[in-house]
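Visitor: I'm new to reading structures. Could you walk me through this one?

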Amino acid sequence: MFRTFLSLRYLKARKTNWIGMAGILVAVGALVLILSIMAGFLEESRRTLRGNLADLVIQPSFQSSVLQENGDWVPMQTDVERMLEIIREDPGVAAATPQLQWYGIFAPDGGESALEKPMQDAIQLIELVGIDVEGEGEATDFRESLETEFGKKPGLGKHCNVGRPADLDDPFVNLREIRQRRTRPKVPILVGEQLAYLWGLRRGQEVSLVTATYDENSSKLNETAANARFQVVGSFRSKDNETDSRRIYMDRRALADFLQRDRLWSAVLVKLNDYKRDKDAVRARLWSKLHAEGFLSAPGIRINEFRTWEDFRATLLAAIQNEKALMGIMLSLVLVVAGFTVFALLSMMVTEKRRDIGILCALGATPRGVLALFLMIGLWEAVIGSAFGALVGVLGAYNIDAIERKLSSTFGFQIFNRDIYLFDYIPAEVSVSGVAWIVGGAVFSTLLFAAIPAWRASRLDPVEALRHE
Amino acid sequence: MTLPSDGPIPTGSLPGGPIPGSTVPSGQLRTEPVLACAGVRRSFPVGERRLEILHGINLELRAGERLALMGTSGAGKTTLLHILGLLDRPTEGSVYVAGQDAWSLSARRRANLRNEKIGFVFQFYHLLPELSALENAVLPAMIKLSRRAFRSNRAEFLDRATTMLTRFGLADRLGHRPSQLSGGEQQRIAIARALLLDPPILIADEPTGNLDRGTGEKVLEILLDEQSERGVALMLVTHDERLAKRCERVLYMEDGLIQADSSAPIPT
C-alpha cells in the first residue's frame, strides 16, 4: 500500500518531478502531433499523387505473340473492344476506357526554335494522351480536373490565361474565331494548368508538337518525325502538379491521326468499385483472363503490363512513408532526453531521500518495496506526462491548420507555405493505434530509465541511510 | 550475576529458545525471550584490516522487560541496537526475534518480522517530512498491508493512531507536517508509530537525547507508560543515569562487550 501512497505523495510534494513529467509531455505531444501531420501528408499526398491516374492501368507490351501455359504461342490480341468487354464483365469493375499515350516535344513558338535550346527548359517532354471524353470521365478524375478551380500562379499569383473548356461533355471543340479563318482547323487540345503558366499560353493559341513515330507496318525499323499544329482550347487542373505541367489531352482519334497509326489505343484504364478492398483480387482475376485471351503475357512476367496507380507513384509514396519513419526516430530521441531527465531527477531524489529509505526499511519495507516505490514515481510521471502529451498532440493535430494560421499572423511570417504543396491546408490524421504505441513506448522507456535509480535505492544499506542527515 | 559475555556461544546449539547457560534475572518469570542474540560479532573493513566493534554479545530480552543499555560513546551500543533491530547483519552470531533466527529467513520475511515485532524510536525522530502526523503514525500499517487490506481496515488504523496521538496530547496536530512540529511532538508521533502494530519489542535509541529536560521527561513518561501498559519489552540506549534507574535491568557496554549487568551491583 505504502508504495502507491508514498509515490503519489512524493510526486505531489516535489515539484522537480514535474519537470520530468513536462519533458515526457512535450516528447509525446510532439510525436503524436508530428506523426499525425505526416500521416495526414501521406494520405493527402496519396489523393493528390493519384492525379488523373485510374485505379488500374493496363498497358500491353504489344509483342507479336503470347506464350500460353500449355506451351503454345498465340498471336497477341489488339482488339480493344473485346478487351473492354472482358474487363467490364468483372463484378469489381466500375468502368473501363481505352487511352492512346505518346510522348512529344512541346513547341509553342514554332517547332524549330523549340529544338534549338536543349540546355534550357524550352524543350519539354509532353505526355500526349488521346482519350474518349465520356469513358475517361467515368474511369478517371478527368472530368473533375476540368471543373477544379484555378490554382494560384506560382510566384506572381495570377491566374491561368487558358480557361476551362465551356462544354465539359464535349471539350475538344475548335474556338469560333479560329474556325472562321480560311486555314484548316487545328486539332483542339487541353493543356495542364502548370504547362499553361510555364509557357504563358493563351486560350486559342496555336502550338506545335514534335514527335517521332514508329512505323509498325514497315519491314524496316523506320522512325519518322511528325509535327503538327494544335489549338489550345482549354486547361485542366488535376491534383498532381507534375501531371499538370506535362500532360496534353486530345481526342483519341485525333492523336492516332497525328501519329498516323492503325492501332487506336495503347492502354486501358480501369476504375474499381472499391479500390482498397478489391485491387489485388481484380488485378489477379483480370490478368489471368486477359492472358488466356492473348492480350497480356502471363501474370507477373511483365509487371509493367498491369499496374495499380500506386505502382506509378511507388517511389514518392515510399519517400513520404520513409520521411514519416525518420521523423518518428528523430522525435523518439526527444523521448530519450525526457527519459534522461526522469533518470536524473529520480537519482537526485534517491540521494536526497536516503534517510527516508532507511526509515522505511526500519519500519519493515522490503528492498523490493523500495524499488517499487521509486519505479512507481517514474510510472506516474510517464503515465500522467504521456496522457497529457497525447491529449495535447491529438488536439493540436485536429486544430493544426487554425494554430498555424494564428501563429503565422501573430509572428508575421508564413510557417506553412501553402503555395509549395498542392493542398492549401495542413493535413493531419490521428491514428488511435499510433497514439497508443507512442504512449506505450513513452511509459516503457521512462520505466527503463527509472529502474536504475530505483534499483540503487533498493540496494541502500538501511543503517547507512539512517545515519544520513 | 553476569551474562557470559566473554566469548561467543556456538550458534549451532541455539535452536531459537533461551540461550543455554544464560540466566534469567531474579524475580522475572521464566518466559521465552522475545529478542535474543548469541555470539554476535560485528566488524567493518577499514582499509585492509577489519575493525571489530562487537566482540561477541549474548543477550536476552523477555516480554515486558525494561532494559537500559549504557556505555561510553563508541562502545558499540548503536551497532548492537541496529543488529537487534535487524537493520544490520552481524558478521558472526545469530539474532532471534520471537524465537526465529532472523538471518536465516528471506529478506521479505525478515522485513515482515521487523514490521510486526519491532517498534523503533530514534533519537532524531525520523519521521517522513512529506506526511502528516497521522499519516506518519499509520505508516507501519501501510507497509504491512496490501492496498486492499489496508483500505478495508483503514478506519480502524486511523482510529487507533488518532486515539494514541490524542492520548499523547497531539489531538490538534494530526494534520501537521513534521516541520511544523516541535521535537517533543515529533518524538511522540514516532512513539505512536512504533506502537501502532502492537509489537512485542520496542527499541529506542536515546529517545530523549535530542530534547530539553522538561520535554524529554514528558516524552519519557509517555514511552514508559505505554511500555508497561502494553507489556512491551523495551530496550533503551541512553546516557542518562536517571533514566537508566527507571529500568529493571541495566547493561553497561564497553569496547564491544557487555561488561556489567545491573543484577550485579552497578560499578561506581
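This is a predicted model: local features need pLDDT of at least 70, side-chain atom pairs count only at pLDDT 80 or more; totals for chains, interfaces and linings use all residues.

Visitor: Is the crossing of H13(A) and H17(A) left-handed or right-handed?
Guide: Residues are numbered from 1 along each chain as its sequence is written, while chains are lettered from A and ligands numbered from 1 in the order in which they are written. Helices (H or I, at least four residues) and strands (E, at least two) are DSSP runs, numbered from the N terminus. A crossing is left-handed if the near helix is turned anticlockwise from the far one by less than a right angle, and right-handed if clockwise; for H13(A) and H17(A), the answer is right-handed.

Visitor: What is the angle at which helix H13 and helix H17 of chain A pack?
Guide: Axes are lines fitted to C-alpha atoms, for helices over the stretch in contact, and angles run from 0 to 180 degrees between N-to-C directions. Here H13 (residues 314–352) and H17 (residues 432–458) of chain A have axes 9 Å apart, and they pack at an angle of about 25°.

Visitor: So how is H13(A) placed relative to H17(A)?
Guide: Angles under 35 degrees count as roughly parallel, over 145 as roughly antiparallel, 65 to 115 as roughly perpendicular and the rest as oblique. With that angle of about 25°, H13(A) is therefore, relative to H17(A), roughly parallel.

Visitor: How many residues of chain B are in contact with chain A?
Guide: Two residues are in contact if their C-beta atoms, placed from the backbone, lie within 7 Å. Chain A brings 20 residues to the meeting, and the number from chain B is 24.

Visitor: Which helix gives the most to the side of chain A that touches chain B?
Guide: Helices H1 (2–13), H14 (354–362) and H18 (462–467) of chain A each supply at least two residues of that side. The one giving the most, with 6 residues, is H1(A).

Visitor: What is the order of the 6 strands in the open sheet of chain B?
Guide: Strands pair if DSSP finds at least two bridges between them. Strands S6 (118–121) and S10 (257–261) of chain B are the edges, each pairing on one side only. The pairing is mixed, and the order is S6-S7-S8-S3-S9-S10.

Visitor: Which helix of chain A has the highest confidence?
Guide: pLDDT is the predictor's confidence in each residue, from 0 to 100. Chain A has a mean of 83. Its lowest is helix H7 (residues 176–179), at a mean of 54, and its highest, at 94, is helix H15 (residues 367–398).
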